Amino acid sequence: MFKLSVSALAVALIFGGVAAGAPSSSKELPAGPMQEKAGAACLSCHEARIIVQQRLSKAAWTKEMDKMTKWGAEVDPQDREALIDYFSENFGPDQSAYVAPKTAGASVSKSRSKAKH
């Protein structure tokens with residue numbers, strides 16, 4: 001009985017984590033004329049965090065765009081250059097370093113490690 005309860009709890013935590021990690025919305029990307037199109041092209045496959053942590057040059061964003069479209073990202077050819085510009089301007093090498101948001105889990109880990117010392 002106890003094993004079943006632990007298993008049920010583990011399944012609930014996994015599915016709860018999946019629900020919490022639901023697909024990002026384009027609102028997590030910087031405002032601009034290409035925000036919605038970037039969200040439509042990119043966020044159906046991965047979270048906005050994958051984009052916002054990048055600090056790539058325009059040439060690197062161009063390569064990334066080519067790679068993603070080969071992998072199936074739906075980008076209207078007329079929007080390609082504007083999207084590359086959007087990503088380059090907002091997530092270029094001259095932007096400040098990405099700082100990941102603090103999570104509740106991180107503070108729990110810190111408090112546990114302090115308690116052990």
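Okay, let's start with a definition: on a 1 Å grid over the protein atoms alone, a pocket is an open set of points with protein on both sides within 12 Å along at least five of seven lines, and its lining residues have an atom within 4 Å of a point. A probe the size of a water molecule, rolled over the atoms, shows where empty space is left.

Before I go on, this is a predicted model, so local features need pLDDT of at least 70, side-chain atom pairs count only at pLDDT 80 or more, and totals for chains, interfaces and linings use all residues. Residues are numbered from 1 along each chain as its sequence is written, and side-chain values use heavy atoms, with hydrogens and water left out.

Now, the overall layout. The protein chain has 6 helices and 0 strands. Helices here are DSSP runs of H or I with at least four residues, strands are E runs of at least two, and both are numbered from the N terminus. Of the chain's 117 residues, 21% count as buried, and buried means under 20% relative accessible area, with exposed over 50% and partly exposed in between, using a 1.4 Å probe and protein chains only. Next, contacts, meaning heavy atoms within 4.5 Å. Among the contacts with a separation of 6 or more, 57% are between residues 24 or more positions apart.

The largest pocket holds about 260 Å³ of space, where the volume is the space filled by probe spheres set on the points, and grid points are joined across faces, edges and corners. What lies nearest its centre? Of the 17 residues in the lining of the largest pocket, Cys42, His46, Ile51, Glu64 and Met68 do. Helices α2 (35-42), α3 (48-52) and α4 each supply at least two lining residues, and α4 gives the largest share, with 4 residues. By type, the lining has 13 nonpolar residues, 3 polar and 1 charged. For the record, Ala, Val, Leu, Ile, Met, Phe, Trp, Tyr, Cys and Pro count as nonpolar, Asp, Glu, Lys and Arg as charged, and the others, Gly among them, as polar.

Okay, on to the rings. A search of the whole structure turns up 4 aromatic pairs. In the pair Trp61 and Phe87, the ring centres are 4.9 Å apart and the planes sit at 20°, so this one is stacked. Trp61 is in helix α4 (residues 58-70) and Phe87 in helix α5 (residues 80-90), so the pair ties together parts that are 26 residues apart in sequence. The rule is that rings of Phe, Tyr and Trp (its six-membered ring) pair if their centres lie within 6.5 Å, with planes under 30 degrees apart called stacked, over 60 edge-to-face and the rest tilted.

Are these two buried or exposed? Trp61 has 5% relative accessibility and counts as buried, and Phe87, at 3%, counts as buried too. Phe87 also pairs with Phe91, and that pair is tilted, at 6.5 Å centre to centre and 35° between the planes. Phe91 is buried, with a relative accessible area of 4%. Put together, ring pairs link Trp61, Tyr86, Phe87 and Phe91 into a cluster.

Staying with α5, its buried residues are Leu83, Ile84, Tyr86, Phe87 and Ser88, and they pack against α2, α3 and α4. In α2, the buried ones are Gln35, Ala38, Gly39, Ala41 and Cys42, packing against α3 and α5. Here's a handy bit of background: an α-helix has 3.6 residues a turn, so residues three or four places apart point the same way.

Let me finish with some single residues. Where is Gly92? Gly92 is in the loop between α5 and α6 (104-116), and at 0% relative accessibility Gly92 counts as buried. The C-alpha atoms of Gly92 and Arg55 are 4.6 Å apart, though the two residues are 37 apart along the chain. Leaving out residues up to four places away in sequence, Gly92 touches Arg55, Leu56 and Phe87.

Then there's Asp79, in the loop between α4 and α5. Asp79 is buried, with a relative accessible area of 13%. The side chains of Asp79 and Lys37 are joined by a polar contact of 3.1 Å. A polar contact is a pair of N or O atoms within 3.5 Å; within protein, one must be able to donate a hydrogen and the other to accept it, and residues adjacent in sequence count only if both atoms are side-chain atoms.

Note on methods: 1 Å grid on protein atoms, 1.4 Å probe; cavity = no way out; pocket = protein on both sides within 12 Å on 5 of 7 lines; lining within 4 Å.
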